[in-house]
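This briefing is intended for a reader who is meeting the structure for the first time. Please keep the sequence and the model in view while reading the points below.

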Amino acid sequence: MTFEKSKWTQLPREIYAGHGVLGQVGPMCRRFGFGSNALLVTGQKSYEVAGKRVKEILEDSGFNVDVILTSAATMENLDRIKDEAKGMSFLVGVGGGSKIDLAKKASYDLGIPFISVPTIATHDGIASPRATIKNGGGSISMDAQEPMGIVADTEILIQAPYRYLAAGAADVIGNVTAIKDWELAHKLINEPFSSTAYGMAKYSAEFILENADAIKPNLEESAWIVVKSIMGSGMAMSIAHSSRPASGSEHLFAHALEKIAPGKALHGEMVGVGTIMMMYLYGGDWKKIRDALRMIGAPTTARELGVEDEEIIMALTQAHKMRKRYTILGMRGLTEEAARNLARITGVIGR
Ligand SMILES: NC(=O)C1=CN([C@@H]2O[C@H](COP(=O)(O)OP(=O)(O)OC[C@H]3O[C@@H](n4cnc5c(N)ncnc54)[C@H](OP(=O)(O)O)[C@@H]3O)[C@@H](O)[C@H]2O)C=CC1
Ligand SMILES: O=C(CO)COP(=O)(O)O
Ligand SMILES: [Zn+2]
């Protein structure tokens, strides 16, 4: 039999993570041989904490820099950025997930490179080739451009409100059930599988779990641990050409809850709570997940998420419909009774 397997993977070419690395963004873009014109996609706050400096650093490296201040990752803002980006050599997303997703998707559509400069580390989208764009009432997860370079300055990340970092840690913890779902789908419905992506997603989550006691406010090492894991998770998604290694039933629950109770909790916070419950369904050590989240200071209950108990039940029963993705929730999902039992036993809702 002839060997016919072939694969294509796109990964970042340079990653800077750590204390005071922001200044590397200029020399890095020079090394990439980019043309002269850069468009910086940023928000009000992120421009203040990092964007302004990134502009100066890029100008010092000889680039002409235009700035577009934007807000949520909506189709309208995406179109505005794409208009503004015409004739630009590259895009730089400076900010939270919304600014990075907008820059990532605009650069993908225009076929120009993009650099990711996160100012908060709330989820693994800052290093992945996926973008979530809001459209009408819902949001769509789309193929986008892998960042060519990432500059994650832990000095900036640790100065942001701690809740963001805790959410980033919780998002990566979700990989523990996501990879179980992936393995299940591979075995039951022969879904394409990558052992490399699986291993990277697993390692990233385990690194957070093992270091949970070192993730705390005002400790810069926390930002290092979270960012390192986020990079691993993002690259796992690049290798898999899908969010499969980092998004399973725990994410389906989070997506359902975001739809039912929009804007109440951060994505990673909902993923963390989902991971506790999905791990229970797998018969795994769900208490270990809960305890790690508690130690990090991420929510573990409906009350801490700021949602009603009934909203948790609704999200559990609707989660399987969120994506065409086979998981422990099966094709029919949980009954209301099963959902209530699950949420009660794991302490997510009151008895
Ligand atoms: N691609 C993916 O895989 C995923 C994408 N998402 C998407 O990511 C987005 C959410 O991203 P998220 O990172 O939570 O946040 P946002 O980009 O929505 O930013 C949240 C807030 O934090 C502010 N902010 C940014 N940096 C700092 C800082 N250093 N200090 C203080 N405040 C700061 C922002 O201000 P300002 O805007 O003024 O700069 C904004 O008000 C959503 O659009 C969601 O759909 C979610 C999960 C996965
Ligand atoms: O949030 C993600 C990974 O952490 C991406 O998930 P989705 O592909 O489910 O949007
Ligand atoms: Zn996520």
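The protein is assigned domain 1 (14-131 + 140-157) and domain 2 (164-345), with bounds that come from an automatic or database domain assignment. This is a predicted model, in which local features need pLDDT of at least 70 and side-chain atom pairs count only at pLDDT 80 or more, while totals for chains, interfaces and linings use all residues. Residues are numbered from 1 along each chain as its sequence is written, and chains are lettered from A and ligands numbered from 1 in the order in which they are written.

- The C-alpha centres of domain 1 and domain 2 are 27 Å apart.
- Domain 1 contributes 20 residues to the contact and domain 2 contributes 24 residues; two residues are in contact if their C-beta atoms, placed from the backbone, lie within 7 Å.
- On the side of domain 1 that touches domain 2, strand E1 (14-18) and helix H5 (154-157) each supply at least two residues. Helices (H or I, at least four residues) and strands (E, at least two) are DSSP runs, numbered from the N terminus.

**Nonpolar core**

- The largest nonpolar core has 117 residues, and Leu 91, Val 92 and Ala 169 have the most contacts inside it. Such a core is a set of buried Ala, Val, Leu, Ile, Met, Phe, Trp, Tyr and Cys residues joined through C-beta atoms within 7 Å.
- A residue is buried if 20 or more other C-beta atoms lie within 10 Å of its own, exposed if 12 or fewer, and partly exposed in between, with C-beta atoms placed from the backbone.
- Helix H9 (residues 220-240) gives the most to this core, namely 12 residues.
- At least three residues of the core come from each of domain 1 and domain 2.
- Beyond its neighbours within four places in sequence, Ala 169 is in contact with Ile 208, Ile 215, Val 226, Ile 296 and Ala 298.

**Helix H3**

- Asn 77, Leu 78 and Ile 81 are buried in helix H3 (residues 75-84). They lie on the same side of H3 because they cover an arc of only 105° around the axis, the arc being that of the directions from the helix axis to the C-beta atoms.
- The exposed residues Glu 76, Asp 79 and Asp 83 are on the face of H3 turned away from its buried side.
- The cover over the buried residues of H3 includes strand E2 (37-42), strand E3 (64-69), helix H4 (97-110) and strand E6 (130-135).

**Annotated binding site**

- An unreviewed UniProt entry lists Gly 97, Ser 98, Lys 99, Ile 100, Asp 101 and Ser 128 under "binding site". UniProt positions are given in the numbering used here, feature names are shortened, and annotations may be inferred rather than shown by experiment.
- These residues are spread over 32 residues of sequence but cluster in space, with a largest C-alpha distance of 13.6 Å.
- Ser 98, in helix H4, is buried, with 24 other C-beta atoms within 10 Å. Leaving aside neighbours within four places in sequence, Ser 98 is in contact with Ala 72 and Ala 73.
- Asp 101 also lies in helix H4 and is buried, with 29 other C-beta atoms within 10 Å.

**Strands E6 and E7**

- E6 and E7 pair in the antiparallel sense over six bridges; pairing requires that DSSP finds at least two bridges between two strands.
- Two residues separate E6 and E7 in their hairpin, and Gly 136 in the turn has a positive phi of about 60°.
- Strand E7 (residues 138-143) is hardly covered, as the count of buried residues among its six residues is zero.
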